[in-house]
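Here is a walk through one structure, from its metal site out to its pockets, core and loops. Have a look at the sequence and the model first, then read on.

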Amino acid sequence: MAPARAEILARAEAAYLGLALGDALGATVEFMTPREIAREFGVHRDITGGGWLRLKPGRVTDDTTMSLALGEAIINDRGEVRALSCARAFDAWMRAKPVDIGNTVRRNLVAFRRSGDPEAPPSEQDAGNGAAMRVLPVALASFGRPEAEVRVCVRAQAHVTHHNAMSDAACEFLALALQDFLRGDSLREVFLRRVQPLVTAHPAFAFRGRPRREYPSGWVVETLQAVLQSFIDVGGFESCLVDVVNRGGDADTTGAIAGMLCGALYGMAALPPRWLKALDPKVRAACSDQARSLLGPC
Ligand code: MN
Ligand code: MN
């Protein structure tokens with residue numbers, strides 16, 4: 001039996017809040033090595049702000065704010081994912097001087113300002129995690145549509161800044177896995193249907209039988225390896241997020257991606273109350289509101 005909309009909505013809200021919580025948690029230790037984190041925090045497990053961005057406690061970074069900018073654009077287009085609307089929303093977001101911004105995002109948005117073309121040129125180099133970190137609003141807006149349409153929506157959003165096959169593979173995998181979890185599928189089902197085919201098609205993503213991916217870079221392959229090692233081989237909402245951010249490196253982004261997956265799988269009850277309390281209340285409200293609007297009547 002298909003789950004009721006209320007259940008799907010609760011998982012969608014948990015995914016959006018999970019994204020923000022992982023971002024806020026990981027930002028404190030972004031670009032640190034596991035050894036530096038251990039020396040300074042023992043285990044980093046609370047939302048305390050700080051880090052290289054000197055954030056106030058509970059603040060989020062580009063991973064969450066770009067997602068919210070994208071979500072707003074999709075809502076304004078009544079649930080459609082239009083590349084031009086996405087590009088304009090990201091451009092407005094960049095003009096508002098965000099706390100952080102990726103190099104690929106900046107370069108391709110500057111190019112959009114000049115050309116007016118919302119699709120970045122294909123590039124072997126643009127395999128960063130910047131499109132994957134903000135894929136959630138597209139997964140919610142395209143929930144219930146045929147898989148081929150979901151992939152088209154995912155690429156329209158991603159190609160504004162990252163026109164790259166590995167980024168596409170990661171973004172499509174994440175959107176489809178997130179939708180499976182919203183439907184109530186188990187981790188085992190999603191592992192067989194989404195994770196194994198991803199690794200078969202793109203062996204670079206293999207994460208088992210490999211050393212623990214520590215200090216994951218912004219390369220989407222390393223990001224996803226760290227996320228999958230924590231999400232699948234550690235599991236649990238809090239334990240997964242703590243495990244992934246304590247690897248350091250691009251920790252706000254691994255936290256954000258692990259957070260959306262964990263939220264969709266484990267649901268609202270799994271979100272640690274002390275983390276929710278620490279999260280910027282405006283961000284918390286925006287995530288909840290957008291989850292509801294993006295999902296629509298489904
Ligand atoms: Mn960030
Ligand atoms: Mn990051």
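In sequence, the donor residues of the manganese ion (ligand 2) follow the spacing E-x219-D-x1-D-T. Donors here are N, O and S atoms within 2.8 Å of the metal (3.2 Å for Na, K and Ca), and water is not among the atoms, so sites may look incomplete. The residues behind that pattern are E30 (OE), D250 (OD), D252 (OD) and T253 (OG1), which coordinate the ion at 2.0 to 2.6 Å.

Before going further, a word on where this comes from: the model is predicted, local features need pLDDT of at least 70, side-chain atom pairs count only at pLDDT 80 or more, and totals for chains, interfaces and linings use all residues. Residues are numbered from 1 along each chain as its sequence is written, chains are lettered from A and ligands numbered from 1 in the order in which they are written, and side-chain values use heavy atoms, with hydrogens and water left out.

Back to the metals. Which residue links the two ions? D252 bridges them, and the ions lie 3.6 Å apart.

How much of this site is tucked away? Buried means under 20% relative accessible area, exposed over 50%, and partly exposed in between (1.4 Å probe, protein chains only).

| Residue | Relative accessible area | Class |
|---|---|---|
| T61 | 0% | buried |
| D63 | 0% | buried |
| D252 | 0% | buried |
| D250 | 8% | buried |
| R213 | 25% | partly exposed |
| Y215 | 38% | partly exposed |
| K97 | 71% | exposed |

Now for the pockets. A pocket is found on a 1 Å grid over the protein atoms alone, as an open set of points where a 1.4 Å probe fits, with protein on both sides within 12 Å along at least five of seven lines; lining residues have an atom within 4 Å of a point. Grid points are joined across faces, edges and corners, and the volume is the space filled by probe spheres set on the points.

The largest pocket has a volume of about 430 Å³. It has 26 lining residues, and G102, N103, N129, G218 and D250 are the closest to its centre. Helices α3 (62-76), α5 (103-115) and α12 (251-266) each give two or more residues to the lining, with the largest share, three residues, coming from α5. (Helices are DSSP runs of H or I with at least four residues, strands are E runs of at least two, and both are numbered from the N terminus.) By class, the lining holds eight nonpolar, 12 polar and six charged residues. Ala, Val, Leu, Ile, Met, Phe, Trp, Tyr, Cys and Pro count as nonpolar, Asp, Glu, Lys and Arg as charged, and the others, Gly among them, as polar.

The second largest pocket comes in at about 360 Å³. Of its 18 lining residues, R59, V60, T65, D280 and V283 lie nearest its centre. Both α3 and α14 (281-295) supply at least two lining residues. The class count is nine nonpolar, two polar and seven charged.

Next, the core. A nonpolar core is a set of buried Ala, Val, Leu, Ile, Met, Phe, Trp, Tyr and Cys residues joined through side-chain atoms within 4.5 Å. The largest one has 96 residues, and Y16 and L261 have the most contacts inside it. Helix α8 (165-183) gives the most to this core, with 12 residues. What does L261 touch, leaving aside neighbours within four places in sequence? It is in contact (heavy atoms within 4.5 Å) with L174, A177, L178, F181, V227 and F231.

Finally, some loops. K97 sits between α4 (83-95) and α5, and its phi is near 55 degrees, a positive value in a residue other than glycine. Y215 lies in the loop between α9 (187-201) and α10 (220-233); it is not a glycine either, yet has a positive phi of about 45 degrees. R213 is found in the loop between α9 and α10. Not counting residues up to four places away in sequence, R213 touches E222, Q225, A226, Q229 and R247. The C-alpha atoms of R213 and A226 are separated by 5.3 Å, with the two residues 13 apart along the chain.
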